Amino acid sequence: MTVVLARLRRTGEVSCPTVATITDLTGLFFWAQPGIDMHMVMYGESLSSVERIAGRDSVRLVQPLISDDFLQPRCPLQARRALGLPEEGRMVVVSGGGWGVGDVEGAVREFIRVPEASSIVCLAGRNEPLARKLRRTFAREPRVHVYEFTDKMPELLAAADVLVHSTGGVTCLEAMAAGTPVVSYGLPVGHARINTRAMAALDLVRLANDTKELREHVQASFACEPEAQQPALEDSGAENLAAADVVLQAWRRVRPIPRWRLRAVALATQLVLLLGVGTWMMSTDDVTAIAGAVLRVHPLAKVKTDQPDVGLIVHVPAPDVSFVAAELAGRGIHVSFADDGAVPSPSTIAKLHEMGDEFLPEVTGTSLLRWVRTRSVLRAQARALGLRHRFYFLQPPGGLTLGQLVLARTAGATPVCGSMRLNAEGPLPQRQTRAGDVLVVQLDGSPSSVLGLERIVASLGDEGLEAESLASLTRSPAISARRRGERASSAAPVTSSASDAASGTPPSGVSAKLSPNSSGATTIGITV
């Protein structure tokens, strides 16, 4: 309630002064709020903590917020007679608070073994199942008296020699006002435990961690004189201020936040959330498949052809491209090269074209905002390679993020995922390679990796397949035609020179559609 009221006060919905009460000693971040004009505390030790949370001059120490009946002097014997309890011996009140929580039954069992206790009063509060259980358990023990919620607390505390309580709070204030010592036992979880431990550190209550300590503290309370038992509430100075006076004199300490600032904060919050969600969506591949379907962009995995050809893309570090190309050309192997998205030099491009190979544009890994440069990276590579508006590019092994997919689409680029990704020095593919498959092979530029690539090409030859560059595969005269019957080869680009290079350019007469699934490596993509 205090949090809601403080919010309404700070936003100007409530214009009158607001006052809140704090009956606990600790856990004040639950109680104190900057939007409350004045806080009333029961303990002087709480003053500095409240001011740290709510601001300067935001707290007053007041008399305990309890009924005047607890402040009236009462005779213990007359109180016991009025309650129908034994006048002789010691009386213990065991309370579980208004909710009837804590180890009430365990405390009662311990006091049954204390011969000085002539009467044991159990307060179950509104916990009716606990009251029934206590009556059933101690039905044969005449010293045990079970009460549910009662308005006889002033008489009970006046008649009692000690109060055993589990939750602290207002009941402890009532006991202190009545001059009844308090032993805390059976603490529940939450701020009540912290509050009670703080009270024990200030010698306001005795803290029992088990039944052995409980008996010791209760018997120690029996041995003390009444004057020594009574916590001196009057010594705190709390009686100098009445709660009603503080309420009537409360002033408008809180200055409501201007509405323009609230609107600005709300707008800024929405923009930050929008930017954060948008950045996450553009930086992740979780929604790329849906976006690909909407934009009709599907990574190329297979080319539909009647020729026994396989497209081979070799991913190799940029400094090793020329060496690997020369080694492969000497063995009659021609492929498409990708080199981590670097822009190749004109001399390197010319050398590859002389050897009958080609460069394929590429976008690399997916750091948080790296996708922002996708379009510029692809266009820079396309210009260096002399590509037109429509061209292929190699996507990262983990797939494209939404941002990369959208920006590549605006650049006129179609991604290539390949039906299989292999390591040149790794094992050969387990599933059979088919004509039209696009294979992506990772090389590190070493002679052993080149030999591994030759091993892969040789295995393709054993299956009756021939390795070609991606451009050669898409220029095959037997690829599928468009819906109107045009031959896709009629639009196939030429890649003979750097100035007229169209390496990796998707034929304009090619119809994109989903390729069928097959066991083994991923084949979800488009068929050309």
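A: In this predicted model, three strands make up an open sheet, ordered 1-2-3, and their pairing is parallel. Strand 1 (19-22) and strand 3 (59-61) are at the edges. Each has a single partner strand, so one side of each has no neighbour in the sheet. On average, neighbouring strands here are turned by 25° against each other, direction ignored.

Now take strand 2 and its pairing. Strand 2 covers residues 38-41 and pairs with strand 3 in the parallel sense, over three bridges. In one of these pairs of residues, histidine 39 has valine 59 of strand 3 as its bridge partner. Strands of a sheet pair through backbone hydrogen bonds.

A helix joins the picture. Helix 2 (residues 47-54) packs on the sheet and touches strand 1, strand 2 and strand 3. The direction of helix 2 makes about 165° with that of strand 3.

Between helix 2 and strand 3 runs a loop, and aspartate 57 sits in it. Aspartate 57 is not a glycine, yet its phi is positive, about 60°. Most residues other than glycine have a negative phi. With a relative accessible area of 29%, aspartate 57 is partly exposed, because that value lies between the 20% and 50% cut-offs.

Aspartate 203 also has a positive phi of about 60° without being a glycine. Aspartate 203 lies in the loop between helix 8 (191-201) and strand 9 (206-207). Its relative accessibility is 67%, so aspartate 203 counts as exposed, over the 50% cut-off.

Notes
Residues are numbered from 1 along each chain as its sequence is written. This is a predicted model: local features need pLDDT of at least 70, side-chain atom pairs count only at pLDDT 80 or more; totals for chains, interfaces and linings use all residues. Side-chain values use heavy atoms; hydrogens and water are left out. Two strands pair if DSSP finds at least two bridges between them. Helices (H or I, at least four residues) and strands (E, at least two) are DSSP runs, numbered from the N terminus. Axes are lines fitted to C-alpha atoms, for helices over the stretch in contact, and angles run from 0 to 180 degrees between N-to-C directions. Contact means heavy atoms within 4.5 Å. Buried means under 20% relative accessible area, exposed over 50%, partly exposed in between (1.4 Å probe, protein chains only).
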